[in-house]
Every structure is written in C-alpha cells, then in structure tokens.
Amino acid sequence: MSKAALFTCAAATLALGIWTGLWRMGWDLPRAEAFSDLHGPLMILGVFGTLIGLERAVASGARWPFVAPALSSAASLLLLIAPSRAPGAWAYVLAAAVTTLVALVAMLRQPAVFTLALEVGAVSLLTGSTLWAAGQPVPDLVGWWLAFLVLTIAGERLELSRLLPERSGSRPLFLLATGIFLAGAASGLMDATGSRLMGAGLLALAAWLARHDIATRTVRGHGQPRFMAACMLAGHVWLGTAGLLLLIFPPGSTAYGYDMAVHAVLLGFVLSMVFGHALVILPAVGGVRVRYAPVLYGPLTVLHASVVFRLGADLFGSEAGRRWSGIATVIAILSFAASIAALTSGARRVFGRSES
C-alpha cells in the first residue's frame with residue numbers, strides 16, 4: 001500500500017472511531033452501536049498505531065517497516081467485515097510485532113535512552129494487543145496501550161532534548177519515571193495499586209518533560225516553532241493532570257475515573273502532540289508542504305477547552321455535558337484538518353509558482 005493509501009485508511013478509521021465515540025457519549029447515531037465496543041481499539045491501534053507505524057517506517061528509510069501500518073490498516077478493515085473479531089485483533093498483534101522489530105533495529109543501530117523508550121513503547125503496544133486478542137477486556141489492558149503512546153511521544157521529545165545541555169540526573173530520572181509507569185500498566189488501570197503507580201509515573205514524566213523538553217525554549221520564539229511548543233507544553237499539563245486524576249479518582253472505585261484519566265491522556269496529551277507535530281510529520285510522511293498560520297491556534301484552543309469541558313462533566317456527572325464536550329472535540333479535529341488542508345493547498349500553489 002502507498003503512503004497515501006495508508007494515511008487514508010487511518011483517516012477513515014478515525015472517522016469511524018469518532019462516530020462510535022459519540023454514540024457511547026449518548027448521541028443517537030445510525031450503525032454506531034454495532035461497533036461501539038471497538039471504539040478504543042480503533043482509535044489507539046487503528047489510528048495512532050497506523051500513523052506511528054507509518055512515521056517509523058518513513059524514518060527507517062527501508063521498505064519492510066511499511067508492513068506494520070499496512071497490517072494495522074488491514075486489521076481495522078477485518079474488524080468491520082469479518083464474522084468474528086479474532087482475525088482483526090490478531091492482525092493488530094502482527095502489526096505490533098513488526099513495529100517492535102522496527103524499533104529494535106533502530107535501537108541496535110543507535111543505542112540511546114530515547115531509542116530504548118521507543119522500543120519499550122512498541123513492546124507495550126504488542127503486550128496490550130496480544131492481551132486484547134486473547135480476550136482480556138480493554139479497561140484491564142489499556143495501561144499498556146497508553147504506555148505505547150506516552151513512551152513513543154516521550155522518546156521523541158527526549159531525542160530532541162539532546163540539543164540542549166544535559167542536566168545532571170536527567171536520564172536516570174526519565175528511566176525511573178518510566179519504570180514506575182510501566183509497573184502500573186502491568187498491574188492494570190482498574191487495580192488500585194496499578195492506578196496509583198501509573199498516576200505517579202505520569203506525574204514524574206510530566207515533570208521531566210516540563211524541565212527538559214526543548215519546547216520550554218522554543219516557546220519563546222515566533223511562528224511555527226512557538227505554535228508547536230505551545231502544543232507540547234499544553235500536552236505536558238494534561239499528562240500531569242491525568243496522573244493526578246489517577247491518584248485522586250482511581251478508575252476502579254469512582255464512576256468516571258476511567259473516562260477522565262484515559263481521555264486526559266488521549267485527547268489532552270496525545271492529540272495536542274498530534275496537532276503540534278502535524279506541520280513536521282505531514283511533509284515527511286506525505287511529501288506535502290504545509291504553511292504555518294496563526295489560525296491553527298483556533299482548533300488547538302477548542303481542543304483543550306473540550307477536554308476541560310469533558311472532565312468537568314465527568315466530575316459533576318453531567319451526561320449532557322459529556323455529550324456536548326464530544327461535539328466540541330469533533331469541531332476541534334475537523335477545524336484543524338480543514339486548516340491544514342487549506343494551508344497545504346496554498347503552499348502547493350505558492351511553491352508551484354516559485355519552482356516553475
């Protein structure tokens with residue numbers, strides 16, 4: 001499959017994931033109920049797994065790593081058309097296995113803490129996917145999937161932090177925070193000890209990023225670097241918030257503790273990082289040129305407002321608030337996609353004239 005086809009598959013899976021997510025929040029949408037229990041796997045494995053696999057494949061410079069996003073795309077399709085969930089679930093496992101191998105090769109070629117983080121993140125993806133294919137409920141294993149996303153992003157930020165003078169103890173502190181977080185993932189998010197360990201690990205990782213991420217420097221700049229840094233720093237806040245929520249509202253003993261913690265990570269942290277990295281990743285992966293424009297702050301603001309809205313609705317048990325927070329998140333995603341599309345087409349026209 002071409003890179004464009006893989007990206008299109010991820011976008012289609014995102015649309016289905018959003019559709020099922022809105023149904024789970026109370027909106028009466030056609031055909032959503034049949035796939036509502038697949039919302040988490042589709043979003044984490046079908047969307048982020050495919051996109052991260054595609055990014056890693058492009059970075060490797062080889063052809064075989066593209067097997068990972070191709071398998072993820074095929075798995076998403078199998079979940080929708082196969083008579084049982086097993087073929088799609090095990091295809092996700094195969095995709096995770098290839099992703100793990102890609103990260104292992106990168107780590108062996110360049111031994112470093114950041115490549116170790118990427119490898120451990122990939123192993124976490126493989127672990128969680130295998131548990132799900134074997135029949136374990138998503139809430140019991142989602143800690144592994146969160147570890148995949150958090151450690152992949154943290155590893156990439158750690159790689160960039162090498163541009164700064166290294167502070168004493170920074171690498172051991174990163175490894176300690178990662179170890180605590182992984183211990184919590186192994187215990188399980190719904191377990192009291194597991195949620196506390198994951199909460200402590202997320203707080204420690206957020207504190208590490210707040211101190212060592214290069215975004216703390218680039219946010220003082222202008223234009224695209226400042227926008228990207230704003231996305232990163234806002235994501236750090238949500239990562240720390242998720243840690244606090246896990247400590248204060250353990251998912252196993254509070255009504256909306258699970259929803260708050262998981263979506264503080266996925267929407268507040270991960271999606272903010274996606275917004276920030278899009279201006280760099282799209283040219284690298286899609287071969288398109290994207291201009292920066294201040295209009296991108298609009299969708300970013302709506303995104304974070306929607307997360308505040310959702311967590312507030314969870315805290316007060318407001319079903320109506322939760323439903324409308326979902327609409328706000330969709331508006332943020334669609335407006336960001338529309339802005340990127342407009343800026344991409346504008347860039348093509350400009351560069352097309354200048355190069356002709």
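This is a predicted model: local features need pLDDT of at least 70, side-chain atom pairs count only at pLDDT 80 or more; totals for chains, interfaces and linings use all residues.
The protein chain contains 13 helices and zero strands, and its pattern, read along the sequence, is accordingly written α-α-α-α-α-α-α-α-α-α-α-α-α. Along the principal axes, the C-alpha atoms of the protein chain fill a box of roughly 60 × 55 × 40 Å. The radius of gyration of the protein chain is 19 Å, which agrees with the value near 21 Å that a compact globule of 356 residues would have. Of the 356 residues in the protein chain, 51% are buried, and among contacts with a separation of 6 or more, 71% are accounted for by residues 24 or more positions apart.

Two packed helices are described by the angle between their axes and the distance between the axes. For helix α5 (residues 113-133) and helix α7 (residues 170-187), the packing angle is about 5° and the axes lie 11 Å apart. Because angles under 35 degrees count as roughly parallel, α5 is described as roughly parallel to α7. On the α5 side the contact is made by Val-113, Leu-116, Ala-117, Val-120 and Ser-124, which meet Arg-171, Phe-174, Leu-175 and Leu-182 in α7. Sorted by class, this contact of α5 with α7 comprises seven nonpolar residues, one polar residue and one charged residue.

With a disulfide taken as a pair of cysteine sulfur atoms within 2.5 Å, the count of disulfides comes to zero. As for individual cysteines, Cys-9 has a relative accessibility of 26% and therefore counts as partly exposed, whereas Cys-231, at 0% relative accessibility, counts as buried.

Technical notes:
Residues are numbered from 1 along each chain as its sequence is written. Side-chain values use heavy atoms; hydrogens and water are left out. Axes are lines fitted to C-alpha atoms, for helices over the stretch in contact, and angles run from 0 to 180 degrees between N-to-C directions. Helices (H or I, at least four residues) and strands (E, at least two) are DSSP runs, numbered from the N terminus. Angles under 35 degrees count as roughly parallel, over 145 as roughly antiparallel, 65 to 115 as roughly perpendicular and the rest as oblique. Contact means heavy atoms within 4.5 Å. Ala, Val, Leu, Ile, Met, Phe, Trp, Tyr, Cys and Pro count as nonpolar, Asp, Glu, Lys and Arg as charged, and the others, Gly among them, as polar. Buried means under 20% relative accessible area, exposed over 50%, partly exposed in between (1.4 Å probe, protein chains only). The radius of gyration is taken over C-alpha atoms; the globule rule is 2.2 Å times the number of residues to the power 0.38.
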